Amino acid sequence: MPTKFASVATAFALVLGAGAVFANEGGHAGWQREADNEVANLPSLQRGARNFLAYCSGCHSLRFMRYSRLAQDLKIPDDQRDKYLVRPGDKFTDYIRSSMPAKDANEWFGRAPPDLSLVARSRGADWLFNFLTTFYADPTSRQTGVNNLTLPGTAMPHVLASVQGVPNAVWRNVETAGPEGKPMTTREFEKFEPGVTGSLSPEQYDEFVRDTVNFLQYVGDPTQLEREGLGIWVVLFLLVFTGIAYLLKKEYWKDVR
Amino acid sequence: MSAVIEGKSGFRSWLNKRLPVDQFMADQLTGYYAPKNFNVWYFFGSLALLVFVMQIVTGIFVTMHFKPGETTAWDSVQVMVREVPYMWLIQPMHAIGASFFFVVVYLHMARAMMYGSYKAPRELLWVIGMLIYLALMAEAFMGYVLPFGNMSYWGAQVIINLFGTIPGIGEALTEWIRGDYGIGDATLNRFFSLHVIALPFIIALLVLLHLVALRQVGSNNPDGIEIKEKLGADGKPLDGIPFHPYYTLKDIVGVGLFLTLFAIVVFFVPTFGGLFMEAPNFEPANPVSTPEHIAPVWYFTPYYAILRAVPDQRTGALLMAISVLAFVFLPWLDRAKNKSIRYRGLASKLLLGVFFITFVVLMWLGLKPAEGTYVLLARIFTALYFLFFILLPFVSRADGNGPVPERVTYHAH
């Protein structure tokens, strides 16, 4: 009988495994990196929250996240919460709103900066990490003076320029077959070169971004750690339950000839 | 069976004189004889019932906090999972439950196709099952639209526009479905009503009919031979065992295994790599921003691949409709004498095997963009899909008539 249960488990595994294959989307450009963040790392989340409130929340809201929830989950004491997190004029139970009126934002940037509550779930942590680390100087074609490799033509200025500095991008020309087979020259990204420098070294800046992305991943799904903690017990209970159910079934089925 | 009531006193007797509880148990569970040779494929019927009940229960709680409407729907889902205690568990259980419902239903259908469970006298049982499947597709589609994420919006756009390809009435029909010229407040409100009242009632009624029809004809089994034809001296089938306690206990083991897998997904991989919850649906519906690839959820993608395989949209939509409805006719397309695949020839086994593979490949193709090799593959596998239904009458008549055993194959443990 155990072989039969193995086979039903296999049937399920096949269906779910097929799903996993379906879900895998390949195709990474060479310059793309992984965020390599860790949501269980509390100090990293605290630093990320600090970064977010210092550099991002001027324009971007977290409209589903309250200061109070944030402080509770990130184990920030009440006095520090009120002193460092809550924006003057806000209550500690308020949602984290941006300080920029949407109407002005539309005029200044051409579009309102998006709410970032779920950006880590819609875009993914890796995308965010790459976005924040691939700004480069582009004074000729962009009004903001910068462009982005991950989101070309982004309306967002390089808010972290004082921290990272602004790197220059080095391009190489590539001959490809254009429309109707005519040869066409396109440019391809080769590497970044130090340009204007900021207050952090490249390694420190990566850490800075990693913390910020980590924080956004927590905000996207604030219950994820609690969920996994409970999940272990639920799965263990179900395994024991299934084992007992199997023994009971076996006992009864002895009669069947 | 009224003897059950006599000779008892107290509450049980009082109750049974007024409500036939013991009678029902005796008729439907302890007195219902099922073949003793069920294998693991027979778990999926009771599991489908389990998932249905689970969807109703989790759905009750989601409904308490959900606010239909184009400006409120998405926000209310985000707020409920973040602010209402344990809705972070219950809402994803409901969303992931929909995917598991289809996993279970597809395996249940595959089992019926392997063992010829749709063949006489179980044609109506199969047809009722197919009606459940169609109602379930409508239920799942509307449930997917309700949270009003960006993929909800664009998926609904694609699917509702399919009705627009019906000649003459198409355009008017899409407006009638949406209740507006675009997908908006009216659409969400009516989808909510249909999703929480009309379709659950219809599905519950059909499930009841499915079970009544099953009790009437009795379960098929992996050997596809009728146990009612070999009765013992007591008038009970020789190869049958009472559903309770034997199959109730066995099904509980299936339930345990199923819930373990379900819990692993819900707690540890809730989005299932973007298959059970798609990334674009973590952005609110946006009529001016199209997701990179619009694809329905995985359980609709075999049909979506068929739709896109045809250059002409109207023909594609027609083929898609036929591809769903073709299953209904299986009882009459299958001309074999024997039911089970075990007692059919190699040609039948190959035909069914290739069909199962085709279904999964089309599912995969429906998730891919319709370009390049994918289009070619979609066309080949669409042809294979229909070839199954075309060839089945001939193949089944030719090699489905060999000898079958007298009694079911069962090895006691």
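Helices (H or I, at least four residues) and strands (E, at least two) are DSSP runs, numbered from the N terminus. The structure described here is a predicted model, in which local features need pLDDT of at least 70 and side-chain atom pairs count only at pLDDT 80 or more, while totals for chains, interfaces and linings use all residues. Residues are numbered from 1 along each chain as its sequence is written, and chains are lettered from A and ligands numbered from 1 in the order in which they are written.

Along the principal axes, the C-alpha atoms of chain B occupy a box of roughly 75 × 60 × 45 Å. The radius of gyration, taken over C-alpha atoms, can be set against a globule rule of 2.2 Å times the number of residues to the power 0.38. For 413 residues a compact globule would come near 22 Å, and the 24 Å of chain B agrees with that.

Chain B falls into domain 1 (39-277) and domain 2 (295-404), with bounds that come from an automatic or database domain assignment. The C-alpha centres of domain 1 and domain 2 of chain B are 22 Å apart. Between the two, 25 residues of domain 1 of chain B are in contact with 21 residues of domain 2 of chain B, where contact requires the C-beta atoms of two residues, placed from the backbone, to lie within 7 Å. On the domain 1 side, the elements that give two or more residues are helix H5 (87-114), H6 and helix H7 (150-163) of chain B. H6(B) gives the most to this side, with six residues. By residue class, the domain 1 side divides into 16 nonpolar, six polar and three charged; here Ala, Val, Leu, Ile, Met, Phe, Trp, Tyr, Cys and Pro count as nonpolar, Asp, Glu, Lys and Arg as charged, and the others, Gly among them, as polar.

Helix H6 also packs within chain B. The axes of H6 (residues 123-145) and H9 (residues 185-217) of chain B come within 9 Å and cross at roughly 160°. H6(B) is therefore roughly antiparallel to H9(B). For such descriptions, axes are lines fitted to C-alpha atoms, for helices over the stretch in contact, and angles run from 0 to 180 degrees between N-to-C directions. Angles under 35 degrees count as roughly parallel, over 145 as roughly antiparallel, 65 to 115 as roughly perpendicular and the rest as oblique. H6(B) and H9(B) cross in a left-handed sense, a term used if the near helix is turned anticlockwise from the far one by less than a right angle, with right-handed used if clockwise. The residues of this contact comprise 21 nonpolar, four polar and one charged.

A second pair in chain B is helix H3 (residues 43-65) and helix H10 (residues 243-268), which pack at an angle of about 65° with their axes 9 Å apart. The crossing of H3(B) and H10(B) is right-handed. From H3(B), B:Phe43, B:Ser46, B:Leu47 and B:Leu50 meet B:Asp251, B:Gly254, B:Val255 and B:Phe258 of H10(B). These contact residues divide into five nonpolar, two polar and one charged. H10 of chain B also holds B:Pro245, which a cis peptide bond with omega of about 10° joins to B:His244. Another cis peptide bond, again with omega of about 10°, links B:Ala120 and B:Pro121, and B:Pro121 sits in the loop between H5 and H6 of chain B.

Further along chain B, the axes of helix H11 (residues 301-309) and helix H15 (residues 373-399) come within 9 Å and cross at roughly 115°. H11(B) is therefore roughly perpendicular to H15(B). The contact brings together B:Ala305, B:Ile306, B:Arg308 and B:Ala309 of H11(B) with B:Ala378, B:Arg379, B:Thr382 and B:Tyr385 of H15(B).

Finally, the two chains meet. The contact takes 40 residues from chain A and 40 residues from chain B. On the chain A side, helix H1 (2-23), helix H6 (119-122) and helix H10 (224-253) of chain A are the elements that give two or more residues. H10(A) gives the most, with 16 residues. The chain A side divides into 26 nonpolar, eight polar and six charged residues.
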